[in-house]
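Here is a protein model to explore, with its chain and its fold side by side. Take a moment to turn the structure around before reading on.

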Amino acid sequence: MTIDELRQILNPLDASPTECDGMTRLCHTQLFQHNIPHQVYRGSCRVDSQLIPFHFWIDLTEHLRGWRVDYRLRMWLKDKKLDVPHGVFNLAAFSQVHYQGEAIEMSPLSEPLFQILSLDSTSLIACQSKP
């Protein structure tokens, strides 16, 4: 699988109204279902002088080693002018970003929970307005 193919699988999840833990669970479930080797992490991230003390992300492994999945780092940063990675990216391209954490085990989401968490807010509003 190429990085572009991987982005096609994961990018649609970016519309979900989740924070880093929920988004990581969604991405982990998709990666698991597509048999893409990866490892989930929990820890902290520093971008220049800003620290995010509690954060989740995914590192790709094997033939995709060096690539990271993080769709929620930007949401925690106050300085919107910082060059912050988003989505599926090569960590080496962002020397100002420093992750520190530990690998954790995470079960994939059940199909019903995956469907609920992956709804965007527009879909949720549409569902609520139906009689």
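This report goes from confidence to the sheet, then to the helices, and ends with a cavity.

**How confident is the model?**

Keep in mind that this is a predicted model. The protein chain has a mean pLDDT of 90, and 92% of its residues reach 70 or more. Where is confidence highest, and where is it lowest? Strand β3, residues 67–70, comes out highest with a mean of 98, whereas helix α4, residues 121–129, is lowest with a mean of 45. Over residues 124–130 the pLDDT stays under 50, and the model has two contacts beyond four places in sequence for this stretch.

**The sheet**

Next, look for the strands. Strands of a sheet pair through backbone hydrogen bonds, either parallel or antiparallel. Here, five strands make up an open sheet, and their order is β4-β3-β2-β1-β5, with antiparallel pairing. At the edges sit β4 (87–90) and β5 (97–104), each of which pairs on one side only. On average, neighbouring strands of this sheet are turned by 35 degrees against each other, direction ignored.

Let us follow β3 and its two partners. Two bridges connect β2 to β3, and the two strands run antiparallel. They form a hairpin with six residues between them, and in the turn E62 has a positive phi of about 55 degrees. Four bridges join β3 to β4, also an antiparallel pair. Some of the bridge partners are listed here.

| Residue | Bridge partner | Strand of the partner |
|---|---|---|
| I58 | V69 | β3 |
| R68 | F89 | β4 |
| D70 | G87 | β4 |

**Helices across the sheet**

Two helices can now be placed against these strands. Helix α1, residues 3–10, lies across β2 (50–60), β3 and β4, and runs at about 155 degrees to β4. Helix α2 lies across β1 (38–47), β2 and β3, running at about 5 degrees to β2.

**A cavity inside**

A search of the whole structure turns up one cavity of 30 Å³ or more, and the largest cavity holds about 50 Å³ of space. Which residues line the largest cavity? Its lining consists of C20, M23, T24, C27, F56, V69, D70, Y71 and R72. Two elements, α2 (20–33) and β3, each give two or more residues to this lining. The helix α2 gives the most, with four residues. Sorted by class, the lining has six nonpolar residues, one polar residue and two charged residues.

How values were computed: Residues are numbered from 1 along each chain as its sequence is written. This is a predicted model: local features need pLDDT of at least 70, side-chain atom pairs count only at pLDDT 80 or more; totals for chains, interfaces and linings use all residues. Side-chain values use heavy atoms; hydrogens and water are left out. pLDDT is the predictor's confidence in each residue, from 0 to 100. Contact means heavy atoms within 4.5 Å. On a 1 Å grid over the protein atoms alone, a cavity is a set of points where a 1.4 Å probe fits but cannot get out, and a pocket is an open set with protein on both sides within 12 Å along at least five of seven lines; lining residues have an atom within 4 Å of a point. Grid points are joined across faces, edges and corners, and a volume is the space filled by probe spheres set on the points. Ala, Val, Leu, Ile, Met, Phe, Trp, Tyr, Cys and Pro count as nonpolar, Asp, Glu, Lys and Arg as charged, and the others, Gly among them, as polar. Two strands pair if DSSP finds at least two bridges between them. Axes are lines fitted to C-alpha atoms, for helices over the stretch in contact, and angles run from 0 to 180 degrees between N-to-C directions.
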